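This briefing covers one structure, grouped by topic.

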Amino acid sequence: MQWAILIGAYFLGAVPVGVLVARAKGVDILKVGSGNIGATNVWRVMGRGPGLLCFVLDVLKGLVPVLIAGWWMGLLGGHQIAPRQAWLWLAVMAAPILGHMFTPFAGFKGGKGVATGLGAMLGLYPYLTFPALGVFAVWIAAAAVWRYVSLASCVAALSLPALVFAFAWGTGRAGAPGMVPFYICTGILGALVVIRHSANIRRLIAGTENRIGTRGPRPP
């Protein structure tokens, strides 16, 4: 059953929502803008409506399998969690993120995992739900100050491990063995998001990265 949940979570995450949303409008999102299937490129190329739809669906494909797994394992809302249970639940969290980043339905290309990762973390209630909301708040603040989606995403990703520790500390769980897997996985996840933005970081350094509100080339 555990393998079935993991495989199902991966393939749900692998659904290329950006490709499907754009294709419904007659656009091949892989060939316009940055060529990325994520909500940012869809928004920049096609406008707010398709971009917002892509963002919501990307969040849901991370949230749904994690909630189902947490319910099935009896972990939702719990105050104590064993390390083995934590690792299993975190594996389910990672599956849709990896599916989104490396989808077999688009030649193992994909998005950067920010929206799907947000949804997946929200599903790990309460261990990552509140840190995820904090990460989202950091993203909004960084985007408002610097007006770069990529920079905001990197700053938010790097804040994740600290927010997880702060939440654990505030709830008296900081030293619990069951929290160690969360520290390790959120550190890896934050680093992976930054690595996936390496091209954006190079453009930021060169001063050629698009700011929020900049429209990409209009699709033919």
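A residue counts as buried under 20% relative accessible area, as exposed over 50%, and as partly exposed in between. With a relative accessible area of 38%, Arg147 is therefore partly exposed. The model is predicted. Its largest pocket has a volume of about 1,200 Å³, and H8 gives the largest share of that pocket's lining.

**Helix H8**

- Helix H8 spans residues 149–170, which makes 22 residues.
- From first C-alpha to last, H8 reaches 30 Å, close to the 32 Å expected at 1.5 Å a residue.
- H8 has a kink of about 40° at Leu160, shortly before the proline Pro161.
- Leu160 is also one of the buried residues of H8.
- Others on that buried list include Val149, Ser153, Cys154, Val164 and Phe167.
- The cover over the buried residues of H8 includes helix H3 (39–46), helix H6 (114–123), helix H7 (129–146), helix H9 (180–196) and helix H10 (198–206).

**Helix H3**

- Six of the eight residues of H3 are buried, so the helix is largely enclosed by the rest of the structure.
- These buried residues are Ala39, Asn41, Val42, Arg44, Val45 and Met46.
- They pack against helix H2 (17–24) and H4.
- Just after H3 comes Gly47, with a positive phi of about 110°.

**Backbone features in the loops**

- The peptide bond from Tyr125 to Pro126 is cis, and its omega is near 0°.
- Pro126 sits in the loop between H6 and H7.
- Phe108 is not a glycine, yet its phi is positive, at about 60°.
- The loop that holds Phe108 runs between helix H5 (83–101) and H6.
- Phe108 has a relative accessible area of 52% and is therefore exposed.
- Arg147 is likewise not a glycine and has a positive phi of about 65°.
- Arg147 is found in the loop between H7 and H8.

- Is Met101 buried or exposed? Its relative accessible area is 0%, so Met101 is buried.
- Met101 belongs to helix H5.
- Leaving out residues up to four places away in sequence, Met101 touches Phe108, Lys109, Gly110, Gly111, Lys112, Gly113, Leu192 and Arg196.
- Between Met101 and Ala142 there are 41 residues of sequence separation and 23 Å of space, C-alpha to C-alpha.

**Largest pocket**

- The largest pocket, with a volume of about 1,200 Å³, is lined by 49 residues.
- The closest of them to the pocket centre are Ala39, Thr40, Trp139, Val149 and Ser153.
- Ala39 is among the buried residues of H3, while Val149 and Ser153 are among those of H8.
- H3, helix H4 (48–73), H6, H7, H8, H9 and H10 each supply at least two residues of the lining.
- H8 supplies six residues, the largest share of the lining.
- By class, this lining has 19 nonpolar, 22 polar and eight charged residues.

**Second largest pocket**

- The second largest pocket has a volume of about 180 Å³.
- Its lining consists of Leu30, Ser34, Gly35, Asn36, Ile37, Lys109, Gly110, Lys112, Arg196, Ala199, Asn200 and Arg203.
- Lys109, Gly110, Lys112 and Arg196 in this lining are also among the residues that Met101 touches.
- H10 gives the most to this lining, with three residues.
- The lining residues divide into three nonpolar, five polar and four charged.

**Cavity**

- How many cavities of 30 Å³ or more does the structure hold? The structure holds one.
- The largest cavity contains about 70 Å³ of space.
- Gln2, Ile5, Leu6, Ala69, Trp72, Met73, Leu88 and Val92 form the lining of the largest cavity.
- Helix H1 (2–14), H4 and H5 each supply at least two residues of this lining.
- Seven of the cavity's lining residues are nonpolar, one is polar and none is charged.

Definitions and conventions:
Residues numbered from 1 in each chain as written. Predicted model: local features only at pLDDT ≥ 70, side-chain atom pairs only at ≥ 80, totals over all residues. Heavy atoms only, no water. Helix = DSSP H or I, 4+ residues; strand = E, 2+ residues; numbered from the N terminus. Expected span 1.5 Å × (residues − 1). Bend = angle between axes of the 7 residues up to and from the residue. Buried < 20%, exposed > 50% of the residue type's maximum accessible area, 1.4 Å probe, protein only. Contact = heavy atoms within 4.5 Å. 1 Å grid on protein atoms, 1.4 Å probe; cavity = no way out; pocket = protein on both sides within 12 Å on 5 of 7 lines; lining within 4 Å. Points joined across faces, edges and corners; volume = space filled by probe spheres on them. Nonpolar A, V, L, I, M, F, W, Y, C, P; charged D, E, K, R; others polar.
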